[in-house]
Amino acid sequence: MDKSQIVSLNNINMVYHTIEEETHAIKDINLNIYDGEIIGVVGPSGCGKSTLLSIIAGLIKPTSGYVKVKGQLVEKPLKNIGYMFQRDQLFEWRNILDNVVLGLEIQDKVDESVLRKAKELLSNYGLSDFLYSYPYQLSGGMRQRAALARTMILNPDLLLLDEPFSALDYQTRLAISDEVGIILRQNKKTAILVTHDIAEAISLCDSIAIMSNRPGRIKDIIDIKLSCDQEPSPIKLREAPEFRHYFNKIWKELDIHVR
Ligand code: ADP
Ligand code: MG
């Protein structure tokens, strides 16, 4: 069965204008994303990755080109989209449970069943002992799991993940990216993951778009196929024999020069 198309980007260009200068941020981007796929986006910093996510979400309008989400032209900010950023953006004055239900509270939709669902999610993410704790009482990894619960309770059609693990230390990043990867797969979510971390992208994604230096173009799209004997998880997939091949290929194409 053919999978349905969730996102299509068509000849997207973005030029920012400020008083001092004009920045051609992204150039001629074409990309299709299908239901249940996790697409990675890697590229040098400043090449327009965050710009691309904002355009998909309808938060900014491209200078030219158009985006369709589920066949609809994106002309204003989309509602059913989940975000995760580098900073978790939890509200420090609300406990974890209250942070998780915030989105539904704004829509005046919090009832017993929502609270039950929130507690269930937090418990699935290993936070059942922290429902009434405040964000400052949690570690970075726990905060990021709470932020994921807040996103997932809205049951978004599409998740936009903008370097969500990059503020975490290496061990936590491995553990959390593994958990998030498993959760996205279990829930058959469609997601776009922007990351600096090539290994993270290979272990989590179905395919990876490699962007050039600014103005960011898509230089290549690489399909990832890793063999794994056991029930695959992102961490186990790092041990697949093909992993190194993909890593070297992406590293070469990224063409990062350290001056
Ligand atoms: P990335 O996420 O890949 O690091 P960004 O999308 O944040 O890149 O930015 C791409 C380029 O566009 C950068 O040169 C950045 O300075 C510029 N840029 C981003 N947002 C704006 C803005 N609101 N106004 C002007 N220039 C911007
Ligand atoms: Mg960015």
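Which helices each supply at least two residues of the lining of the second largest pocket? They are α6 (170-186), α7 (198-204) and α8 (234-237). Helices (H or I, at least four residues) and strands (E, at least two) are DSSP runs, numbered from the N terminus.

The model is predicted: local features need pLDDT of at least 70, side-chain atom pairs count only at pLDDT 80 or more, and totals for chains, interfaces and linings use all residues. Residues are numbered from 1 along each chain as its sequence is written, chains are lettered from A and ligands numbered from 1 in the order in which they are written, and side-chain values use heavy atoms, without hydrogens and water.

A pocket is an open set of points on a 1 Å grid over the protein atoms alone, where a 1.4 Å probe fits, with protein on both sides within 12 Å along at least five of seven lines; lining residues have an atom within 4 Å of a point. The largest pocket has a volume of about 590 Å³, the volume being the space filled by probe spheres set on the points. Its lining comprises 25 residues. Nearest its centre lie Lys79, Ile81, Tyr83, Gly103 and Leu154. β6 gives the largest share, five residues. Domain 1 (36-60 + 70-80 + 160-256) and domain 2 (89-155) each contribute at least three residues; these bounds come from an automatic or database domain assignment.

The second largest pocket has a volume of about 370 Å³. Of its 19 lining residues, Arg185, Pro232, Ser233, Pro234 and Leu237 are the closest to its centre. α6 provides the largest share, four residues.
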